[in-house]
Amino acid sequence: MTPGPAFRAALGIALLTAMDAVVKAQMQAHPFIVALFMRFAMGGLCALVVLAVVRPARPTRASLIGNAIRVPVVVLTAGSFFYSLSVLPLAEALTLSFLAPVFVALLGGVLLKERLDGRIFQALAFGVAGMLVMVWPRLQGHVSGAGLGVAAALFSAVAYAFNLILLRRIAMKEHPAVIVVFQNCGPALLLAIPAALSFVPMTGGDLMVYLSAGALGVAGHLTLTSAFARAEASRLAPLEYTALIWASLLGYFVFGEVPLITTYAGALLIVAGAVAITRR
């Protein structure tokens, strides 16, 4: 029996959270820019294999331009997010990314002239309150790099929202495999020279770990795309918050991270605001 959209969405979120954990682990052994490049390079390799199998129609000129414009935005989004992962617990960095739906609504009003109502600003207030509740203990504790980590996570949420606005223009007309190839191969090419300047020798095991991260990322994106193609976004969007469950488990068992109670209190406020946006 074919899995339903809800199961596919939940599975996609779990795969992407696992990829985040793999990259976080590799950043402890390799320079940040090298780990970021390898994540995209191996993801690009996996995406090209998928492209060769499904053989979608050749992308149009408009699609090539739209996907190319997204490449630097993807680099900024992933780079800032993975930097936040390197200095913050996995669960906290993931929770801050939940602010993205609020920023999508705000940017939609500014860039696409969509209507901004009072619920959007109410959701923003909930999100900011949740963020302050969650990060205040760590900032007060003078955790090394915590401030920059929080700033990077917030920047990533804004960049991700902008990325979704751009993606909205091409997703309905382009095959998912083509989109995934661009958002992996493009960043890999952009990061190749900076990564080469900081490159360090790697073992066969390191390469296999990065390949697993690439495979998890591609599989997660394709699974999510498949889910959203079969059900309304508003019905599946709340499943995104299951990432907090996986992040908490992986953070505890892999990195020995124990989330503070304020992490979950802040998450409740942030999720409440994001859910209000999806139901408007």
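Predicted model: local features only at pLDDT ≥ 70, side-chain atom pairs only at ≥ 80, totals over all residues.

Reader: Okay, and where does leucine 249 lie?
Author: Leucine 249 is part of helix H11, which covers residues 243-255. Its relative accessibility is 39%, so leucine 249 counts as partly exposed.

Reader: How many aromatic pairs does the structure hold?
Author: There are 3 aromatic pairs in the structure. One of them joins tyrosine 252 to phenylalanine 253 in an edge-to-face arrangement, with 5.1 Å from centre to centre and 85° between the planes.

Reader: And why does tyrosine 252 count as partly exposed?
Author: Because its relative accessibility is 47%, tyrosine 252 falls in the partly exposed class, whereas phenylalanine 253, at 64%, counts as exposed.

Reader: Switching topic, which ring does the charged end of arginine 39 sit over?
Author: That would be the ring of phenylalanine 40, with the charged end 4.7 Å from the ring's centre. Lysine 24, for its part, lies over the face of phenylalanine 255, at 5.3 Å from the ring centre.

Reader: One last thing: is asparagine 67 buried or exposed?
Author: Asparagine 67 has a relative accessible area of 1%, and therefore it is buried. This residue is found in helix H3, residues 61-87, and, leaving aside residues up to four places away in sequence, asparagine 67 touches Ile170, Glu174, Ile179 and Phe182.

Conventions: Residues numbered from 1 in each chain as written. Heavy atoms only, no water. Helix = DSSP H or I, 4+ residues; strand = E, 2+ residues; numbered from the N terminus. Buried < 20%, exposed > 50% of the residue type's maximum accessible area, 1.4 Å probe, protein only. Phe/Tyr/Trp six-rings, centres within 6.5 Å; stacked < 30°, edge-to-face > 60°. Lys NZ or Arg CZ within 6 Å of the ring centre and 35° of its normal. Contact = heavy atoms within 4.5 Å.
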